[in-house]
Amino acid sequence: MKKTARLIVFCFAFLMVCSLQGWSQSSPAEALKNVTIHTSDGNSIEGGTIVWRNGVITDVGKNVDIPFDAYVRDGGDSLHVYPGFIDGHALWGSPDIDEDVETPEEPGNPGYGRAGIQPERKPSELLQADSKALSEAPKEGFSTAALGLKGQMLPGQVDLFFINGKETEYLLFEQGVGVTAQFEEAQGQAYPSTTMGIMSQLRQLFNDAKALQQQEQYFASVSSNYPAPKQNKVLQALYPVMDKQQPFYFVVDTEENIERIFQLQEELGFEVVIVSGKEAYKKAEELKQREIPVLASIELPEEPKWRSEEEDEDHPEITEEMRIFRDKQEAAYKADIQNIAKLIDNGVKVGFASNGLELSDINKNLTTLKEEGDLEDEDILRMLTQSTANILGYSNQLGNIDEGRIASFTVFTKPFMEEKAQALYSITDGNLTEFEQESSEE
Amino acid sequence: MKKLFLLILTFCFSLTGFAQDKGSVLIKDGTLITIANGNMSNTDLLIEDGLITEIGEDISAPRGVETVDASGKYVMPGIIDAHSHIAGVDINEWTNPVTAEVSMEESINPNDINIYWALAGGVTSIHLMHGSANVIGGQNETLKLRYGSGMNEMRFEGAPRTIKFALGENPTRVHGQGFDVQPRTRMGVEQVIRDHFDAAIDYQRNRQEYLDAKQSYEDGTRSTPPVPVAKNERLEVLVDILEGEVLVHTHSYRADEITMLMRVFNDYGIEDYTFQHANEAFKVAPELKKNGAYTSVFADWWAYKFEVYYSTAYNASILNANGVKNSINSDSGELIRHLNHEASKAVHYGNTSKQDALKMITINPAVQLGIDERVGTLEVGKHGDVAIWDGHPLSIYSKTLKTYVDGKKYFDRAEDADDMRLKVDAEQDFDEASGRWYNENGRHSETCLRGAEIRFSKNGMKLQGN
């Protein structure tokens, strides 16, 4: 009898909640108050409040009216909130490359897949949602990422996702923001095995795609007496790039390879976003002129050992030759680390791409960029947020904590660049995830 | 202080960034080895804005032009290496018997330290060749050794297009034995060439018919649209060869295969071609002469595989005596440093005249690359690509003192610093960076099988792809 009564009460309460929601026609607001809000322009609001509803920020500021239905969290004056970081080209959740490949019967004609020509592949269809990176990334402050796939010259498309662990697979934001390309040879013994081979292959693919597209148009324009075009998902996946509706996300580092992209771009006429671009500073002026943005890698060289060691045991005496060598090495090291700053100074649009970099290296390398790379805190924050949003084409929806933006931000215990800063909450497209705190050793 | 040094260093590098700039210099009182008009002692050579403008006595330097005293020295045209694989990123797209579509133009590494070492041997231009793994390999690129300039600035403006063919053991091993595809034999090599030329002829007709029909359809003079024939990157290049727009340079050794290819080329009307290596060319010198074929050989390098056992140090001299235009090449990042020694071997062994031996590393390779109107001799109007030597260049004791490309100095023995690398890897340590590969490998590196090396091991032949 008691049990039945309890069940009835429960059912009644449940119905009430459901119907309440129906009346208000939207989910309750949420609010975070009494926190330091860092906006992508480098400003901060102390003792601020953020209100969001239905995944959109409705109010931000110091004196904000919190709606009556809001679920409110109090930051207790010590927490720091940042716009969710955006990764412009991440490989999180991508299936690994199968290293065990056989030599094709005709190595010179291995077929599209074996050659690494797979622009039809979609991360949204292949995502490994249980990948560790997808649950770790929000703890590093990332709430959005353009996900690419591991592979060779054309490994697949780039899909934009909100990132939240296993949930990520349901959080596709936009499919096909671009197609990844790289100077990556086919595996093992198969064509193309060289950079020049990849360039030729890319030209041939465009030739073939153009011919197919032409045949499709002809077929559609006549009523009879014309052969039906053969469906070809690989070539058809290149149409949007050919028609400049999607850019290539071209992974490239050296000055010469960037020049090779310029050459291909002139011939084939595609839009391009450079991913990684470790030597992009050497082509900064031309990148600016061509309006090519860079989703920069922050993978940095190891510091030369002699820089930190008092005395090098292997070379106790510094010869003249060695001194010259060291000066050159020092200059090369500095140049690598100042790549991003030089690009920004030259007016190139610079966002961020991990593109395979371990998440655990990101904070350490950002610190190096700050200490030796001529970047200020606000440069780094802007690169991780608004600038990447701009490059991805979502300048008004992502990348900042502002009224009308998608509610994606991260709550840290300290300013995020500071040592031992930890993420407490990640709000992704309005949904809050709380992280377990790692115990402090203090 | 360190910062000041870095600043100066950066300044120097930013200057070399404009290295494709042309220079002016007056070289006075040297012995000019003109190649075109014999030797001229105590003669001045004026280069202005990259071109030789005057040769004679008592030339005075125009305002602002540096004068270099060459009294007691020899001045000769920059050496041209008709077969090189330095300054390349990849050498062999070795995965298909025919890869005419790829081009070394897109595989240039302008930062290769070997470029500087070649300049130190008086070399000013190279023929950066595709490797010899394929029957019809990739297109080659003629470069000027403008060390410190960019990938595109290294290219020899106006040089004709050339392509690499390869006969014999390399393509049959890589493709026949390695991949079990045609060609497995020398007969197969010939057939691959013929089949591809035929395919190119068919393609050219089909493609043109399509383009014409497309035009007619768009003009309204044809009622049904045509079925598209896609542009084919590989066959387009083969068509260009058949139309004489691309010079063919063929890796070859044996007399029978050299004769075979001349027969094939006669059948298809191909006229301008050079046999590279051609160790047995001396056996068919009259036939080569009759067909107007050129040769580019080693001075005395052989026996590194079966097909190069029948070789002789008299090859260059015999070809020369038969009127075949012959050059001596390096195909090696090591030999390129002393091609003058290689040329002198023709004098030593075969009693070739010094003038003819010097032609084999200057005007003859220039002819073979189609750049002889621009370089290869010291004549008014030609490019200011010259080297100053401290003695006669065919002497074993002589060294290059200065090397100029387009009148701009790229090497000066007096300013030869310890570390001339252009691109420095921040993570490379001193021992690795300061090593010179040829001290360990001799001449056997930076050669034409790079990327597809064939090695013999206890288990038989092994193909090592990259």
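In this predicted model, B:Asp29 counts as partly exposed, because 19 C-beta neighbours fall inside 10 Å, and the count needed for a buried residue is 20 or more. B:Asp29 belongs to strand β1 of chain B, which covers residues 25-33, and its phi is near 60°, a positive value in a residue other than glycine. Most residues other than glycine have a negative phi, and most peptide bonds are trans.

**Backbone features**

- A:Glu291 is likewise not a glycine and has a positive phi, of about 55°; its place is the loop of chain A between α9 (284-289) and β12 (294-296).
- A:Glu291 is exposed, because 10 other C-beta atoms lie within 10 Å, and a residue with 12 or fewer is classed in this way.
- In chain A, the peptide bond that joins A:Tyr191 and A:Pro192 is cis, with an omega of about 0°, and A:Pro192 sits in the loop between β9 (172-182) and α5.
- In chain B, a cis peptide bond runs from B:Gln182 to B:Pro183, where omega is near 10°, and B:Pro183 is found in the loop between α3 (169-179) and α4.

**The chains**

- Chain A has 15 helices and 16 strands, and its C-alpha atoms fill a box of roughly 85 × 80 × 45 Å along the principal axes.
- Of the 442 residues of chain A, 45% count as buried, and among the contacts in this chain with a separation of 6 or more, 71% are between residues 24 or more positions apart.
- Chain B has 13 helices and 18 strands, and its C-alpha atoms occupy a box of roughly 70 × 55 × 50 Å along the principal axes.
- The radius of gyration of chain B is 23 Å, which agrees with the value near 23 Å that a compact globule of 466 residues would have.
- In chain B, 50% of the 466 residues count as buried, and 70% of the contacts with a separation of 6 or more are between residues 24 or more positions apart.

**Helix packing in chain B**

- Helix α4 (residues 186-219) of chain B packs with helix α6 (residues 255-268) of chain B at an angle of about 15°, and their axes are 11 Å apart; the two helices are therefore roughly parallel to each other.
- The crossing of α4(B) and α6(B) is right-handed, and the residues of this contact divide into 5 nonpolar, no polar and 4 charged.
- Helix α5 (residues 233-242) of chain B packs with α4(B) at an angle of about 100°, with the axes 9 Å apart, so α4(B) and α5(B) are roughly perpendicular to each other.
- The contact of α4(B) with α5(B) involves residues including B:Phe197 and B:Tyr203 of α4(B), and B:Leu238 and B:Leu242 of α5(B); by class, its residues are 8 nonpolar, 2 polar and no charged.

**Where chain A touches chain B**

- The contact takes 46 residues from chain A and 39 residues from chain B.
- On the side of chain A that touches chain B, α5 (195-221), α8 (255-268) and α11 (320-337) of chain A each supply at least two residues, and α5(A) gives the most, with 14 residues.
- This side of chain A is made up of 19 nonpolar, 15 polar and 12 charged residues.

Conventions. Residues are numbered from 1 along each chain as its sequence is written. Chains are lettered from A and ligands numbered from 1 in the order in which they are written. This is a predicted model: local features need pLDDT of at least 70, side-chain atom pairs count only at pLDDT 80 or more; totals for chains, interfaces and linings use all residues. Axes are lines fitted to C-alpha atoms, for helices over the stretch in contact, and angles run from 0 to 180 degrees between N-to-C directions. Helices (H or I, at least four residues) and strands (E, at least two) are DSSP runs, numbered from the N terminus. Angles under 35 degrees count as roughly parallel, over 145 as roughly antiparallel, 65 to 115 as roughly perpendicular and the rest as oblique. A crossing is left-handed if the near helix is turned anticlockwise from the far one by less than a right angle, and right-handed if clockwise. Ala, Val, Leu, Ile, Met, Phe, Trp, Tyr, Cys and Pro count as nonpolar, Asp, Glu, Lys and Arg as charged, and the others, Gly among them, as polar. Two residues are in contact if their C-beta atoms, placed from the backbone, lie within 7 Å. The radius of gyration is taken over C-alpha atoms; the globule rule is 2.2 Å times the number of residues to the power 0.38.
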